[in-house]
Amino acid sequence: MRTRTSGTPGGVRTPYRVCFVCTGNICRSPMAEAVFRSRVAEAGLAELVEVSSAGTGGWHAGDDADSRTLAVLTAAGYVHEHVARQFRRDWFARLDLVIALDEGHLRDLRELAPGPEHAEKVRLLRSYAPGPDGGGPCALDVPDPYYGGPEGFEECLALVEEAVPGLLEEVRAALGPVDRDGAAGR
């Protein structure tokens, strides 16, 4: 994937970079990364959007995703290879959106941000989900399934899948019209 800026006024840099962040980068954020990457590819935007994930802590750095995460992703038809890593402050400069999986991550990431313009890039994934019956607020945290059983991982996937379409629409809007060659511009 090469970096480019569209030639139109107000053009956006591509690839547009989105990073999902949870605690250890082995459960929720790799799940969100896999789902969003799949939806980006289905939308024909894979050449324009770079998707990654990380954790606020580094104790799992270098590990695979949790086996229960991989099992739920595989059962749902998602393909994902993963190596856990810790989010770094200097990444803010190259990222367009930093997507937190719960309010604790949101707070930690905004505190880590080198400036207010970087803190504004941090959003909660569930803020993109429709509320109950398509309106009103929804629960904003994706609960950590790590200490529970498989049902927690299934719930996590359902919450991620519910929010990803709204996030994809925001990314599409930021990219502007995309031509047949996959170039973005406004």
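Contact, as the word is used in these legends, means heavy atoms within 4.5 Å. The structure shown is a predicted model.

**Figure 1. Overview of the predicted chain, with its helices and strands.** The chain has 5 helices and 6 strands, and when it is read along the sequence these elements follow the pattern β-β-β-α-β-α-β-α-α-β-α. Of its 186 residues, 49% count as buried. Among the contacts between residues at least 6 apart in sequence, 71% join residues that are at least 24 apart.

**Figure 2. Close-up of the open sheet formed by E4, E3, E5 and E6.** The 4 strands of this open sheet are arranged in the order E4-E3-E5-E6, and their pairing is parallel. Strand E4, residues 49–55, and strand E6, residues 122–124, stand at the edges with a single partner strand each, so one side of each is left without a neighbour in the sheet. On average, and with direction ignored, neighbouring strands of this sheet are turned by 25° against each other. As a general point, strands of a sheet pair through backbone hydrogen bonds, either parallel or antiparallel.

**Figure 3. Close-up of strand E3 and its two partner strands, E4 and E5.** Strand E3, which comprises residues 16–22, pairs with E4 in the parallel sense over 7 bridges, while 4 bridges join E3 to E5, these two strands also running parallel. On the side of E4, Cys19 has Ser52 as its bridge partner, and Phe20 stands opposite Ser53. On the side of E5, the bridge partner of Phe20 is Ile99.

Figure 4. Strand E3 is mostly covered, with 7 of its 7 residues buried. In a regular strand the side chains alternate between the two faces of the sheet. In E3, Tyr16, Val18, Phe20 and Cys22 point one way, whereas Arg17, Cys19 and Val21 point the other way, and all are buried.

**Figure 5. Close-up of the aromatic cluster of Phe87, Trp91 and Phe92.** The count of aromatic pairs comes to 4. One of these is the edge-to-face pair of Phe87 and Phe92, whose rings lie 5.2 Å apart from centre to centre, with 75° between their planes. Both Phe87 and Phe92 are buried. Ring pairs link Phe87, Trp91 and Phe92 into a cluster.

Figure 6. Because its relative accessibility is 30%, Tyr146 counts as partly exposed, whereas Tyr147, with a relative accessible area of 77%, is exposed. Arg68 lies over the face of Tyr146, at 5.5 Å from the ring centre.

Methods
Residues are numbered from 1 along each chain as its sequence is written. This is a predicted model: local features need pLDDT of at least 70, side-chain atom pairs count only at pLDDT 80 or more; totals for chains, interfaces and linings use all residues. Side-chain values use heavy atoms; hydrogens and water are left out. Two strands pair if DSSP finds at least two bridges between them. Axes are lines fitted to C-alpha atoms, for helices over the stretch in contact, and angles run from 0 to 180 degrees between N-to-C directions. Buried means under 20% relative accessible area, exposed over 50%, partly exposed in between (1.4 Å probe, protein chains only). Rings of Phe, Tyr and Trp (its six-membered ring) pair if their centres lie within 6.5 Å; planes under 30 degrees apart count as stacked, over 60 as edge-to-face and the rest as tilted. A charge sits over a ring if NZ of Lys or CZ of Arg is within 6 Å of the ring centre and within 35 degrees of the ring normal.
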